[in-house]
Amino acid sequence: MGYQAQFKVWRGDAEGGDFVDYAVDVEEGEVVLDIMHRIQATQAGDMAVRWNCKAGKCGSCSAEVNGRPRLMCMTRMSTFEEDEEISVAPIRTFPVIRDLVTDVDFNYQKAREVPAFAPPEGLAPGEYRMSQVDVERSQEFRKCIECYLCQNVCHVVRDHEENKQEFSGPRYLMRIAELDMHPLDVRNRKEDAQEEHGLGYCNITKCCTEVCPEHIKITDNALIPMKERVVDRKYDPLVWLGKKIFKRQELEQRGATGARSLDAPGPDNGSALDADHIAHIEQRGGAQA
Amino acid sequence: MTDPGTTTAFEAAGAPETGEAPVTHHTYDVVVIGAGGAGLRAAIEARLRGKRVAIISKSLFGKAHTVMAEGGIAASMGNANPRDNWEVHFRDTMRGGKFLNNWRMAELHAKEAPQRVWELETYGALFDRTPEGKISQRNFGGHQFPRLAHVGDRTGLELIRTLQQKIVSLQQEDFARTGDYESDLAVYHEYTVTELLKDGDRIAGAFGYRRPTGELVCFHSAAVVLATGGVGKSFKVTSNSWEYTGDGHALAMRAGAKLLNMEFVQFHPTGMVWPPSVKGILVTESVRGDGGVLKNSEGERFMFNYIPEVFREQYATSEDEGDRWYTDADNNRRPPELLPRDEVARAINNEVKEGRGSPAGGVYLDVSSRMPAAEITRRLPSMYHQFKELADVDITAGPMEVGPTCHYVMGGVEVDPDTAASAVPGLFAAGEVAGGMHGSNRLGGNSLSDLLVFGCRAGAGAAAYLDGLDEVPSVSEQSITTAREDVERPIHNSGGENAYTVHQELQQTMNDLVGIIRKADEMELALKKLHELKDRIPRVAVDGRRAYNPGWHLALDLRNMLMVSECIAKAALERQESRGGHTRDDYPTMDENWRQELLVCSLRDDEVHLEHQGQPAMRHDLFDLFELDELKKYYTGDELGGHRSDAPPRQSRGTEDAGDEAERSSTTVETGGDPGGELTGGGA
C-alpha cells in the first residue's frame, strides 16, 4: 500500500507549544509510533518521544491520539482512514517536559507511599506455598505495565490538580488491592487504602478499566472489592474494638527483611555461599583457578 | 568504606566550575549503570551491605529491556521433576554454549539460581504454581528438565517489577530512618553515562547527562557496576529496544577493560516477520516449550532434518515420539523444535533460503492445531495479545510467521566469575554486558537467572572492593573537560551528518554482512564500511536544544554502537569455524582446536585490538560430570586426559591433571571458590 498521511503533532515544552503539521509516508502494517520515528528521522530530529519496547510491554509511549489516550506502539495506522488528519499530543494529566514527553514523577511518588509486601515471619525463601487459584487474583494486577494511562484518564485528577495530594490513582489503589489479595501478605491495608490513598474519591466510572491496554479489570476486580473490604472491616465490631486497643499495631514497624542474601542462603541446592567468601577480590578478569 | 548517610571524602574533589553549562555533582559509594534485572539486583545487594548506591538508567525506572523476557527464569529447583539439580543445569548450560563457556560462571550460575528465585518470592513475586503450591517450572530449549520459573509469558515484567518494588521497600526503610527516601539508594532515571572517569588505573566516577534537560552530571564513586545489557541496536532486525547500544561494552573498553567472545551473537529463531514495522519483535520460545511446532510451506515439521550429530541421542527422531515427550518426558526424547536456539535459527534460515519459506520470508510456528484456544490464551496471553494487536493474527486459529532476529550478545566484559570484577579496579559488570557465562550460545531462561546470580555477586563484589580500599580516588578536572567536549561535540557541529542516517547504514551493514551466516569477504567489506562510518560519526550534527533531544542522544550512542560492531566483525572474521552464535559459510563445521581459543578485544590508541587467549581447563570434578563420549565431541584428544574414566579406581596417578577419585569425592575444592565444599552434595 503506502500513502502519505497528514499528522498534527504537539511540539513545545512547559512554557507552551502548539500542533505542527507533518506530511509523512505510511507503509503497510505500521503503527503510530513508526510514524513518529519517521518524522524524527526525516523531518524533526529533535522531536521528543518516549518509547522502549515497541511491543506493548513496557508502557513508555503513552500519548493522546486524536484525543484518545493510547500506547502509540499499539495503535495501528490501519484503524484510521487514509485521508484522516491524525493528531498526537502528550498525555494531559502530567506536566509536559518536551513535545510528547511528560513528567510522570507523580506516579513514582505514589508508588513509594504504598507499604511494601510484608511476608509472614519465619518463612524462609523456598518455603512459600500458594495455590494457583489464589495467586491469580493478584497476578492479574501484576500484568500492569505502568503506562499510566489509567492515571491519565481518571477524572479525579485529570482536571483536578488539587486532588493529586490525596489520591493515589487507579494504578496504586490497584497495587494496594494486589497486596491485600496476595496470599501471604500479612499487613492490613484496608484503612490505608481509604484514609491514606483516597479510595473514597473513586466513584466507579470505569474510565481506568476502559483505557487499560492490558485489559485489566481495574474497577471490577480491584477497586470495587477493595471498597467492599473496607466497608466490611469498618462495621465489624471486633475489628473496631481491636483497633481501639492495638492502634496501628506492630506490623507498621516491620520493614521488608534486610538480610544480606549471600549470608542467608535458601534451601540447599548444593550451594551454600557465605559472605566472607566474596571478600576476596580478583583484579584480573577471567581468573578462574 | 563509608556508612550510609555520612558524607564521603569525594565531595572535596567535587564542583570544579568550567564555564557555560554547569556540571551537577553527586557522590556515592557505588554507581550502578543500568536498571534492568542485573543492575537492580546489584544495587539491592550493595545497599544491603551498607553502601550508598545510585542507579542510573537511560529509561524510566521499571521500563528496562528485561520486561521483554517472556519465557522464564532457569533454576534447578526440581519442582516439576525431582531429578533436576545444579549438576544437570550446569551440563545443559555448557552443552548449549558448546563448551566455550567460562565453566566457573556456569557453575556458580547453576548452583545459585534457585536461591535467587526463591528470594524473589520474599520480595513479593507471584510465580505460577504447581498443584502442591510450589513454583511451577516449564520446558525450554536445551534444558533437560522443566526448569523455568515463569508467570505466563510475562516473566521479565514480573522480575523487573519485583526488583523495582524491593528497591522501593528499601527506600521506605531509609525514609523511616533518615526522612529521605533517597538517602541511601537513589534512582537517576532518564540519565545517560557517556564516560567512566579514572584516577590512575582505578575507577573514580562516571560522567553523563540528564536526558529531559540536557544538564551535565558527574558521579563521584570508587565502584561502578555496569549492567547496561546488550548491543542489538547495531543490527537492523532485532528484538532489542533503543537502549541496547552497547554502552557498557564501549565504556568498559574505553576505561581499559577487555571484551571477550564478541563474535557470538544470538539470533533468536522466532521473531515476528510481518508486518514489516514489527519485524524482529520476539515470539517467546515458550510457544515451542508448550507444544508449538515449526513447519515449512510444504507443511513439513522440518526440524527433524536438522538434528546435529552432537545432540543426536537427546532428541526425538519421529513426530510421535516428540509429541509423547510433552506428557512423558522420562520415557521419550524431546522434539527437535527444542534444540538450542542457534540450531533452530540456522534451520529456519536454510528452509527459507531453499524456497520453503512463508510469504513474508519466515516459516510457520503453529500452536493452534496443538491445543484448545482457551489453553493458548491462558498459557501464552501476551503472545496472543501481541499478534492480535500488532499483526491482526489470531494464534488460536492459525499459525504465526516467524524468522530469526538479533536477540542477545554472548560476548562482553571479561570478569572474575566470583566477584564480577573487570580488569579495571573498581569496575564490575553483570548480566548481558558481561561475557563468558554463556559461551558461544545462551540457553533460553539462562538470561534472567544470570542477571540475578551475577547482579547479586557484582553488588557484593563492589561492596567488598570498597571495604578493602585504603585511598579514595578522585576525579580530575581534565577528565571532566574531555568528557564534556565529547558530549557537546554534536551540538557544536554544524551542517554535518544526520545521526539517523548514519545509524541506519550501520544497522544495514551489520545485518547484511555480519549477520546470522558469515563469510570472510563480506566481513572484510563490513570492516571497511565501519571504518568509513567511524570517520563520519564525529561529524554528526544536531539541532542545538539540549532538553530531551533524541537526535543528540542517538549521536552520542552511535560511537558505542560502532565500537561494538567493530569488535563483533573483527572477532567473527578471525574465528574460522562455526560454533553456537557464530556461523561461517566458509568454515561450516565446529573445530575442536578452536574450543580453547578465546578472542579478546581491547582498545589501543582508539583502535580495536584483537588477540587470542587460552581457555582455562575445567576443574576435574566438573569435567567428570560429563561422560567421556560426549566430551570427545568437543575436546581435542590431548585435552581429555584426567577424566574419571581413565583413572583406575582408588589409585592416584600423581600427576597434576589426574582426576583422582579420592580427591574428587572429598569436600575440599581446589579453587577455594566453594567454601562449603558442597559440590558433591548437590541435587534435590
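The sulfur of Cys58(A) lies 3.8 Å from the closest cysteine sulfur, that of Cys53(A), which is too far for a bond. A disulfide is a covalent bond between the sulfur atoms of two cysteines; here the term requires a pair of cysteine sulfur atoms within 2.5 Å. Over all chains, the structure holds 0 disulfides. This is a predicted model, in which local features need pLDDT of at least 70 and side-chain atom pairs count only at pLDDT 80 or more, while totals for chains, interfaces and linings use all residues. Residues are numbered from 1 along each chain as its sequence is written, chains are lettered from A in the order in which they are written, and side-chain values use heavy atoms, without hydrogens and water.

A nonpolar core is a set of buried Ala, Val, Leu, Ile, Met, Phe, Trp, Tyr and Cys residues joined through side-chain atoms within 4.5 Å. The largest such core has 263 residues, and Phe7(A), Met36(A), Met72(A) and Phe90(B) have the most contacts inside it. Its largest share, 13 residues, comes from helix 15 (residues 550-574) of chain B; helices are DSSP runs of H or I with at least four residues, numbered from the N terminus. Apart from this core lies another of 5 residues, among them Phe264(B) and Tyr408(B).

Technical notes. Buried means under 20% relative accessible area, exposed over 50%, partly exposed in between (1.4 Å probe, protein chains only). Helices (H or I, at least four residues) and strands (E, at least two) are DSSP runs, numbered from the N terminus.
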